Amino acid sequence: MSTDGLVQIISNAQCHLRTSTNYDGIHTQFNALLNYKNTTGIKGAGSESWCASVIDTNQFIVAGCEVPRTFMCVAIQGRGDDYDQWVTSFKIRYSLDNVTWFEYRNGAALPGNKDRNTIVNHFFDTPIRARSIAIHPLTWNNHISLRCEFYAQPIQSSFTQVGSDIYTGENCALNSGSGKREVVVPVKFPVEFSSLPKVALNFDQIDCTDATNQTRIGVQPRNITTKGFDCVFYTWNENKVYSLRADYIATALE
C-alpha cells in the first residue's frame, strides 16, 4: 500500500497536537514531525522527537482536527539525534465527537520501531473517520520518544458558480425552417474551476409558437471545460422559436 495521494495531517498543519507530558520545553510535540531534524547544530535548541517526562503506558500524543477526517495510515519513527530511544509497540485511539473514544482493533498492540530512523507505516484495516486520533505507546526502548505522521484522504469541498441571461437573441435561427435546429451560445465562467464542473441549465424565458399546439424545445451544456461551456438551445419538427433565455448553475469538487 502507498501513501500517494494522501494528505500528511501534521506536516501540513491541518491539526492541533497535544501530549500527555513533555520531558521539557525542547522535547515537545513541536519536535514530533516525521523526519524532523534540528538543523541549528545546537543540541539545546531542540530534540529530534517528542519525549515524555513520565515513563508509563498512560502517555500519548493526539492530533485534533477542526473537522472530521478520514484517516488511512499512521507512520511512526524513533528519536533522530544521539539517543537510542523509540517506541516498540503502541495502540491507536480515536474519536469523532471528542466525547466517545474508541480503540482501534480493541486496543491491540501495533508493531513500532526497531531503531531511531526507520519509518514504520501502519495502514488501517478500514478507514478511520475521526476528529481526533492518538498514539499511545505501550512498550519502548530506553525512553518514550517518537516522531510521527497521520495520513488522511484529502478534503473536497464544492465550489459553485451561477449565471443568467444566456440569450439566443431575438428572432433567432430557431424561428425558421423545420426539423432539428440549434443555437449555440458560448458561456465563460467568472472564475476558472480547478476541476471539471457539472452544469445544469433551466429556462427563464420561452417565446415560441407551433401549429400543432405542442412545444418542442430543449437546452443542454456541451463542451464543458474548467473555463466555460457551450449552451445549446434546440428545437425540432415544425416548432418556431422566436427567442429563449436560460440560467446555469455549475458545481465542482475541489
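Predicted model: local features only at pLDDT ≥ 70, side-chain atom pairs only at ≥ 80, totals over all residues.
Me: What should I keep in mind about the numbering and the values?
Reply: Residues are numbered from 1 along each chain as its sequence is written, and side-chain values use heavy atoms, with hydrogens and water left out. Local features need a pLDDT of at least 70 and side-chain atom pairs count only at pLDDT 80 or more, whereas totals for chains, interfaces and linings use all residues.

Me: Why is the pair of Phe71 and Phe150 called edge-to-face?
Reply: Rings of Phe, Tyr and Trp (its six-membered ring) pair if their centres lie within 6.5 Å, and planes under 30 degrees apart count as stacked, over 60 as edge-to-face and the rest as tilted. The ring centres of Phe71 and Phe150 are 6.0 Å apart and their planes stand at 75°, so the pair is edge-to-face. The structure holds ten aromatic pairs, and one aromatic cluster is formed by Phe159, Phe189, Phe193, Phe229 and Tyr248.

Me: Which strands do Phe71 and Phe150 belong to, and how many residues apart are they?
Reply: Phe71 lies in strand E4 (residues 61–77) and Phe150 in strand E9 (residues 145–152), 79 residues apart, and the pair links distant parts of the chain. Strands here are DSSP runs (E, at least two residues; helices are H or I, at least four), numbered from the N terminus.

Me: How do you know whether Phe71 is buried or exposed?
Reply: Buried means under 20% relative accessible area, exposed over 50% and partly exposed in between, with a 1.4 Å probe and protein chains only. Phe71 has a relative accessible area of 0%, so Phe71 is buried, and Phe150, at 1%, therefore counts as buried as well.

Me: Why is E9 described as largely enclosed by the rest of the structure?
Reply: Eight of the eight residues of E9 are buried, so this strand is largely enclosed. In a regular strand the side chains alternate between the two faces of the sheet. Both faces of E9 are covered, with Ser145, Arg147, Glu149 and Tyr151 buried on one side and Leu146, Cys148, Phe150 and Ala152 buried on the other.

Me: What makes E4 and E9 a pair of strands?
Reply: Two strands pair if DSSP finds at least two bridges between them, and E4 and E9 are joined in the antiparallel sense over six bridges, with Ala75 standing opposite Glu149. Strand E1 (residues 7–8) also pairs with E9, antiparallel and over two bridges, and there the bridge partner of Gln8 is Tyr151. Strand E3 (residues 50–51) pairs with E9 in the antiparallel sense over two bridges too, and Cys51 stands opposite Ser145.

Me: What makes a set of residues a nonpolar core?
Reply: The members are buried Ala, Val, Leu, Ile, Met, Phe, Trp, Tyr and Cys residues joined through side-chain atoms within 4.5 Å. The largest such core has 29 residues, of which Phe71, Ile92, Ile133, Ile135 and Phe150 touch the most other members. E4 gives the largest share, six residues. A second, separate core of 22 residues includes Val185, Val187, Cys208 and Tyr248.

Me: Why is Lys180 said to sit over the ring of Tyr234?
Reply: A charge sits over a ring if NZ of Lys or CZ of Arg is within 6 Å of the ring centre and within 35 degrees of the ring normal. The charged end of Lys180 is 5.1 Å from the ring centre of Tyr234 and sits over that ring, while Arg245 lies over the face of Tyr167, at 4.1 Å from the ring centre.
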